[in-house]
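Student: Hi! Could you walk me through this one while I have it open on my screen?
Tutor: Happy to. Let's bring it up and go piece by piece.

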Amino acid sequence: EVEKIRIKITSLGLTESRITADETIQQLFVECRLNNFLAEETPLSLPKPPGGQRIHYNYSTVINVDKEDNHAEREYLKSILLKPDLPADSLKFTVVSDPPEDEQDLECEDIGFAYVSLKEIFQKQRDIIEQDIDVFDSQDASAVIGKLTVTVEALNALRSVHEECKID
């Protein structure tokens, strides 16, 4: 039970921006990525919400990080805890524009990024439960285009990994 990271993507709201104004952006889904191991995405893409409203994905996934079967993920978590300057210590959420059915020549396009720092969860000894995180514009990292409500329960897994670091 301990050796898991639980991730839930609850909902997405957009602020007025180039994204809400762009009529070619109609359907959105969200991908969650842990370093280069794992990418999960919401099975549904949902219609882009008007500014101030939210779309609800209520999508949950679990990353197993037990030593028996998921050694690479576990080593990666160790490196996050042991190397304070590792930049890639975050779960990365990507908001992706899914082209409409009749526009299949258009590609999926990353429109925004949001991050949850696993190191910070460990430092604060606190999971992130239904928290709004900023979504930054893929074309301008200083511009916030919306909020993604996520849950990341990683503390028990990180504690377990940390105990193991002490033993090693």
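Tutor: This is a predicted model.

Student: Which residues make the contact?
Tutor: From H2 you have Arg-74, Leu-77, Lys-78, Leu-81 and Leu-82. H4 brings Leu-158, Ser-160, Val-161, His-162, Glu-164 and Cys-165.

Student: And what classes of residue are in the contact of H2 with H4?
Tutor: Six are nonpolar, two are polar and three are charged.

Student: Switching topic: what about pockets?
Tutor: The largest pocket holds about 160 Å³ of space. Strand S7 (109-117), helix H3 (118-124) and strand S8 (128-137) each give at least two residues to its lining.

Student: Which residues line the largest pocket?
Tutor: Among them are Tyr-115, Val-116, Glu-120, Lys-124, Arg-126, Asp-127 and Gln-131. By class, the lining has five nonpolar, two polar and four charged residues.

Student: Now zoom out for me. How many helices and strands are there in the chain?
Tutor: Four helices and nine strands, in the order β-α-β-β-β-β-α-β-β-α-β-β-α along the sequence.

Student: Why is the chain called as compact as a globular protein of that length?
Tutor: Because its radius of gyration is 17 Å, close to the 15 Å that the globule rule gives for 168 residues. The C-alpha atoms fill a box of roughly 55 × 30 × 25 Å along the principal axes.

Technical notes:
Residues are numbered from 1 along each chain as its sequence is written. This is a predicted model: local features need pLDDT of at least 70, side-chain atom pairs count only at pLDDT 80 or more; totals for chains, interfaces and linings use all residues. Side-chain values use heavy atoms; hydrogens and water are left out. On a 1 Å grid over the protein atoms alone, a cavity is a set of points where a 1.4 Å probe fits but cannot get out, and a pocket is an open set with protein on both sides within 12 Å along at least five of seven lines; lining residues have an atom within 4 Å of a point. Grid points are joined across faces, edges and corners, and a volume is the space filled by probe spheres set on the points. Ala, Val, Leu, Ile, Met, Phe, Trp, Tyr, Cys and Pro count as nonpolar, Asp, Glu, Lys and Arg as charged, and the others, Gly among them, as polar. Contact means heavy atoms within 4.5 Å. The radius of gyration is taken over C-alpha atoms; the globule rule is 2.2 Å times the number of residues to the power 0.38.
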